[in-house]
Amino acid sequence: MPTDVINPATGTVFTSVPSLGLEETDAAIERARRAFPAWRAVAPGERARLLRRFAAVVDDHLDELADLEVRNAGHTIGNARWEAGNVRDVLNYYAGAPERLIGKQIPVPGGLDVTFHEPLGVVGIIVPWNFPMPIAGWGFAPALAAGNTVVLKPAELTPLTAIRLGELALEAGLPADVFQVLPGKGSVVGQRFVTHPAVRKVCFTGSTEVGKSIMAGCADQVKRVTLELGGKSANIVFADADLEKAAAAAPSSVFDNAGQDCCARSRLLVQESVYDKFLALLEPAVKSFRVLDPADKSAEMGPLISAAHRDTVASYVSDADVGFIGNAPAGDGWWFPPTVLLARSPDDRHWREEVFGPVLSVLPFRDEEEAVRLANDTEYGLSGSLWTRDLGRALRVSRAVETGALSVNSHSSVRYWTPFGGMKQSGLGRELGPDALHGFTDVKNVFLASGE
Ligand code: NAP
Ligand code: MG
């Protein structure tokens, strides 16, 4: 049964893709299992060359991939081009890995002891709709580099770029069945990755609720699992910070990708002595945030992903104290304006739950101790920022906030050179950075007796 693909900026169906059933999923996993021995046996330098070719082919199709994402996910053209470029860059980065997958030689008596980083076999990657290209690449690039074969399930709402990347892999010369993209339902294709014994690891990005069920399901086979789940990250602004700079940067830290970003700094904590001044600086920055047709080069934000998601986001605003609201186009499509809510207390629903939309909640704090306590008063721990000119405070607060990635005087979370992942219920394991291959390998220890 095909699934309709909708342009969220217009609300219209523009194509459809097949939705795979259980039998087709099993057949694809079986092909991946059979392709594994030959792929792991490809010489490291040759595997590296193939990944670099894949990166070059992605680069040749960068405009096409970006245009697909603008239409399918409503991403701004600027973001979509960055996202396609990120797939290329991550492939190039991990193309350096096969030749550097170095084990240890450990001093032991009576012989030689060495470790090998062995690939796992078939890796299943489950991708959400919010960043279809980068999240796919953060999984498949290191997984392939380490010598695994990959089956990847894109989100039903946003399958087009992943399907195209699967075709481009073949065009680049990757052997058949080494990287397969399987569009379909999470409850069918994704769930089969969890239950099929030939799939040795599941990488899941999405909601905490589904992530927990995947982790529970994987326990049955002691299957490896990496989880990148939700977030409710804090942006902490201290009174001594460069307030103009912090206020100018705050909107994109939460409204980028229409707030559909697990790293969104959706809780703004402002020191009470500068609270009024900071909100006065923030208001014009929010009101001038450009929410436009995502194909427009000057757009900073597009629509939400679906009508149902827009209803969910709206439910957080209806009974809240609204500080101020930015602009959004009227008419067709799932538009929602950048919205700033004033939290009455840390118990407010919009302060506690991941809205996953362009909604920023603001709360004042007294001092450093209270800022840290409020920032940590959540089950999530993915990302966050703090703004201060005091180096000692930057260091103390960075160490005290329980989160996987923090930035001081900026809003950077994801750089492919550095590890990315969550503490607490935001996730398990790390993606990207120099150590990501260890998530796609198991260590084997071999002792060779010298005899006598
Ligand atoms: P979701 O249900 O967790 O979906 C993420 C991916 O998992 C999709 O590919 C989905 O397939 C698949 N999936 C769903 N149920 C599954 C199951 N039982 N077994 C295996 N795979 C399964 O997330 P959502 O419904 O798209 O979004 C709900 C909320 O999750 C959002 O509002 C947001 O709060 C959060 N979220 C977080 C992130 C993040 O980056 N951490 C990303 C997306 C969403 P289908 O396409 O068929 O649904
Ligand atoms: Mg869901």
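A polar contact is a pair of N or O atoms within 3.5 Å; within protein, one must be able to donate a hydrogen and the other to accept it, and residues adjacent in sequence count only if both atoms are side-chain atoms. The model is predicted: local features need pLDDT of at least 70, side-chain atom pairs count only at pLDDT 80 or more, and totals for chains, interfaces and linings use all residues. Side-chain values rest on heavy atoms, without hydrogens and water.

**Ligand 1**

- A polar side-chain atom of W129 is 2.5 Å from an oxygen atom of ligand 1.
- Backbone atoms also take part: a backbone N or O atom of E156 lies 2.6 Å from an oxygen atom of the ligand, and a polar backbone atom of V127 lies 2.8 Å from an oxygen atom of ligand 1.
- Of the 870 Å² of accessible area that ligand 1 has on its own, the protein covers 80% (Shrake-Rupley method, 1.4 Å probe).

**Helices α4 and α5**

- The axes of α4 (residues 77–95) and α5 (residues 132–145) come within 9 Å and cross at roughly 10 degrees; axes are lines fitted to C-alpha atoms over the stretch in contact, with angles from 0 to 180 degrees between N-to-C directions.
- Helices are DSSP runs of H or I, at least four residues, numbered from the N terminus.
- The crossing angle makes α4 roughly parallel to α5 (angles under 35 degrees).
- Residues in contact (heavy atoms within 4.5 Å) include W82, V87 and L91 of α4 and W138 and F140 of α5.

Note on methods: Residues numbered from 1 in each chain as written. Chains lettered and ligands numbered in written order. Helix = DSSP H or I, 4+ residues; strand = E, 2+ residues; numbered from the N terminus. Parallel < 35°, antiparallel > 145°, perpendicular 65-115°, else oblique.
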